[in-house]
Amino acid sequence: MSTRIAFLKGHGTENDFVILPDPDNTLDLTPAAVAALCDRRAGIGGDGVLHVVRSAAHPEAADMAAEAEWFMDYRNGDGSIAEMCGNGVRVFARYLRQAGQVSEGDLTIATRAGLKSVHIAKDGDVTVGMGRARLPEGDVTVSVGEQSWPARNVNMGNPHAVAFVADLQQAGPLLDPPPVGPADAYPDGVNVEFVVDRGPRHVAMRVHERGSGETRSCGTGACAVAVAAARRDGVDPAVTGTPETYTVDLPGGRLVITERPDGEVEMTGPAVIVAEGEIDTEWLENALR
């Protein structure tokens with residue numbers, strides 16, 4: 001291993017990531033190494049790691065290589081593997097553009113949740129085709145202390161429980177995962193969103209991301225919230241034949257979510273690269289002892 005590992009730091013509506021360019025998939029990216037890198041006091045700090053790998057070089061993405069040159073090997077801040085991260089895809093695309101690997105316009109990125117269509121606009125915003133939302137049946141509840149609310153079960157390639165509340169402060173500190181019932185509804189854990197209305201087709205949210213705690217933004221969560229809000233409002237583009245757009249405010253910024261009649265959910269928002277540098281492998285080795 002070289003004595004230095006290149007990295008960048010980026011964020012999408014303040015959902016921040018350590019970016020590790022590794023086209024040939026040579027890094028031994030253990031859960032402990034990811035957690036050390038994401039540590040905000042002793043490491044670089046981030047909600048997760050974007051491991052940038054050519055699809056052909058990664059066993060989980062090789063079968064997608066013909067359609068997507070690049071694979072987003074995403075890891076949560078605690079080192080666990082995640083299927084998908086919407087803000088992460090935008091930052092991933094922004095990195096590829098900055099590195100000269102892709103041009104403005106359309107591209108496809110491979111993820112564990114499948115292929116994602118991306119459009120990089122000249123104004124800096126990135127739009128991601130997030131796929132279709134699945135709405136598993138069954139009642140779900142979310143609790144904070146003595147209060148509980150019914151929640152909408154929405155899957156955007158990863159699981160979400162969306163609860164509409166009167167005040168976002170009701171979500172509490174969100175340091176630990178809010179209890180969700182029934183216990184078998186989400187065997188692999190769940191992202192939990194608390195949502196309030198701000199106006200017509202306009203909501204605000206807070207989120208506890210599985211494996212990361214409360215984050216400033218969650219792209220798949222914003223998509224899940226928009227779909228849940230539309231169904232709550234009695235709107236289904238597949239029925240009306242008309243796209244529906246919701247503005248979603250998060251602590252870290254604003255995302256615009258559109259659900260099309262064919263079921264495709266599109267997310268548009270900013271993506272920023274803020275720094276680049278090198279990781280000292282001696283520090284990393286010491287951090288893992």
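Q: Leaving aside neighbours within four places in sequence, which residues is Glu-259 in contact with?
A: This is a predicted model, so take everything here as computed from it. In it, Glu-259 is in contact with Val-227, Arg-231, Pro-237, Pro-243, Glu-244, Glu-264 and Val-265, leaving aside its neighbours within four places in sequence.

Q: Where does Glu-259 sit, and is it buried or exposed?
A: Glu-259 belongs to strand 16, which covers residues 253-259. Its relative accessible area is 8%, so it counts as buried.

Q: What does the Glu-259 side chain have a polar contact with?
A: With the side chain of Arg-231, at 2.7 Å.

Q: OK, on to helix 3. How many residues does it have, and how far does it reach?
A: Helix 3 runs over residues 219-232, which makes 14 residues. From first C-alpha to last it reaches 20 Å, close to the 20 Å expected at 1.5 Å a residue.

Q: Is helix 3 mostly covered or mostly open?
A: Mostly covered, with 12 of its 14 residues buried. Among the buried ones are Gly-219, Cys-223, Val-225, Val-227 and Ala-230.

Q: And what happens just after helix 3?
A: Gly-234 comes there, and it takes a positive phi of about 80°.

Q: Switching to the largest nonpolar core: which residues touch the most other members?
A: Met-72, Val-118 and Ile-257, out of 52 residues in that core. Helix 3 gives the most to this core, with 9 residues.

Q: What is Val-118 in contact with, away from its sequence neighbours?
A: Leaving aside neighbours within four places in sequence, its contacts include Val-89, Ala-93, Leu-107, Ile-109, Val-126 and Val-128. Gly-105, Asp-106 and Thr-127 are also in contact with Val-118.

Q: What does the second core include?
A: That one is separate and has 17 residues, including Val-142, Leu-168, Leu-174 and Val-196.

Q: Why would nonpolar residues be buried together?
A: As a general point, nonpolar side chains tend to be buried together in soluble globular proteins.

Q: Now charges. How many salt bridges does the structure hold?
A: It holds 19 salt bridges. In general, side chains of opposite charge can pair when their charged atoms come close.

Q: Which residue does Arg-4 form a salt bridge with?
A: Asp-280, with the closest N and O atoms 3.9 Å apart. Arg-4 lies in strand 1 (residues 4-12) and Asp-280 in strand 18 (residues 272-280), so the pair ties together parts that are 276 residues apart in sequence.

Q: How accessible are Arg-4 and Asp-280?
A: Arg-4 is partly exposed, with a relative accessible area of 42%. Asp-280 is also partly exposed, at 30% relative accessibility.

Q: What about Asp-73, which residues does it form salt bridges with?
A: Asp-73 meets Arg-75 in a salt bridge at 2.9 Å, N to O. Asp-73 also forms one with Arg-112, where the closest N and O atoms are 2.5 Å apart. Asp-73 lies in strand 4 (residues 70-76) and Arg-112 in the loop between strand 5 (105-111) and strand 6 (114-120), so that pair ties together parts that are 39 residues apart in sequence.

Q: Are those three buried or exposed?
A: Asp-73 and Arg-75 are both buried, and the relative accessible area of Asp-73 is 0%. Arg-112 counts as partly exposed, at 21% relative accessibility.

Q: Last one: which residues are linked in a network of salt bridges?
A: Lys-9, Asp-16, Arg-40 and Asp-47 are linked that way.

Conventions
Residues numbered from 1 in each chain as written. Predicted model: local features only at pLDDT ≥ 70, side-chain atom pairs only at ≥ 80, totals over all residues. Heavy atoms only, no water. Salt bridge = Lys/Arg side-chain N within 4 Å of Asp/Glu carboxyl O. Helix = DSSP H or I, 4+ residues; strand = E, 2+ residues; numbered from the N terminus. Buried < 20%, exposed > 50% of the residue type's maximum accessible area, 1.4 Å probe, protein only. Polar contact = N/O pair within 3.5 Å; in protein donor to acceptor, adjacent residues only side chain to side chain. Contact = heavy atoms within 4.5 Å. Expected span 1.5 Å × (residues − 1). Core = buried A, V, L, I, M, F, W, Y, C linked by side-chain atoms within 4.5 Å.
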